[in-house]
Amino acid sequence: MRRTDKDMLVTGLKRLAITVVLMFTAPIVLYQAFKNQENFLFWPVCIVGIILGFFAVRTGFKGITTIMDSMFGKKTKSS
């Protein structure tokens with residue numbers, strides 16, 4: 001039976017912690033952007049919020065993938 005790679009598991013958990021922070025930050029930034037639509041900084045703040053949301057999703061997937069790889073091992077290509 002394969003043992004869990006603890007270093008990789010910690011890396012995955014750190015990524016998930018960053019995901020949680022981004023999951024709260026991105027909607028707050030977008031809310032502030034849409035609340036101040038008449039402000040000249042609307043578009044830059046809106047773009048930053050969208051980028052933060054994208055990174056939240058990406059970091060979440062990478063974190064879950066890293067945790068799964070630490071527990072079950074990486075997939076090997078069999079051809």
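How many aromatic pairs does the structure hold? The structure holds three, where rings of Phe, Tyr and Trp (its six-membered ring) pair if their centres lie within 6.5 Å, with planes under 30 degrees apart called stacked, over 60 edge-to-face and the rest tilted. Take Phe54 and Phe55: their ring centres sit 5.5 Å apart with the planes at 65°, so this pair is edge-to-face. Ring pairs also link Phe34, Phe42 and Trp43 into a cluster.

Before going on, a word on what you're looking at: this is a predicted model, so local features need pLDDT of at least 70, side-chain atom pairs count only at pLDDT 80 or more, and totals for chains, interfaces and linings use all residues. Residues are numbered from 1 along each chain as its sequence is written, and side-chain values use heavy atoms, with hydrogens and water left out.

Phe54 counts as exposed at 54% relative accessibility, while Phe55 is partly exposed with 38%; here buried means under 20% relative accessible area, exposed over 50%, and partly exposed in between (1.4 Å probe, protein chains only). Both belong to a nonpolar surface patch of about 560 Å², made by Trp43, Ile47, Ile51, Phe54 and Phe55. Such patches are made of residues with over 30% relative accessible area and no salt bridge, joining like charges within 9 Å and nonpolar side chains (Val, Leu, Ile, Met, Phe, Trp, Tyr) within 5 Å. The areas come from the Shrake-Rupley method with a 1.4 Å probe, and for residues only the protein chains shown count as cover. Ile47, another patch member, is partly exposed at 45% relative accessibility.

Ile47 lies in helix H2, which covers residues 42-72; helices (H or I, at least four residues) and strands (E, at least two) are DSSP runs, numbered from the N terminus. Thr59 is in helix H2 too, but Thr59 is buried, with a relative accessible area of 12%. A polar atom of the Thr59 side chain lies 2.6 Å from the backbone oxygen of Phe55. Leaving out residues up to four places away in sequence, Thr59 touches Arg15, Ile18, Thr19 and Leu22, contact meaning heavy atoms within 4.5 Å.

Now for helix H1, residues 6-35, where you'll find Met8 and Gly12. Is Gly12 buried or exposed? At 0% relative accessibility, Gly12 counts as buried. Gly12 and Gly63 are 51 residues apart in sequence, yet their C-alpha atoms are 4.4 Å apart in space. With residues up to four places away in sequence not counted, Gly12 touches Gly63, Thr66 and Ile67.

Met8 is partly exposed at 24% relative accessibility. Met8 and Met71 are 63 residues apart in sequence and 8.9 Å apart in space, C-alpha to C-alpha.

The Ser70 side chain reaches the backbone oxygen of Ile67 at 2.7 Å. Beyond four places in sequence, Ser70 touches Arg2, Arg3, Thr4, Asp5, Met8 and Leu9.

Definitions and conventions:
Salt bridge = Lys/Arg side-chain N within 4 Å of Asp/Glu carboxyl O. Polar contact = N/O pair within 3.5 Å; in protein donor to acceptor, adjacent residues only side chain to side chain.
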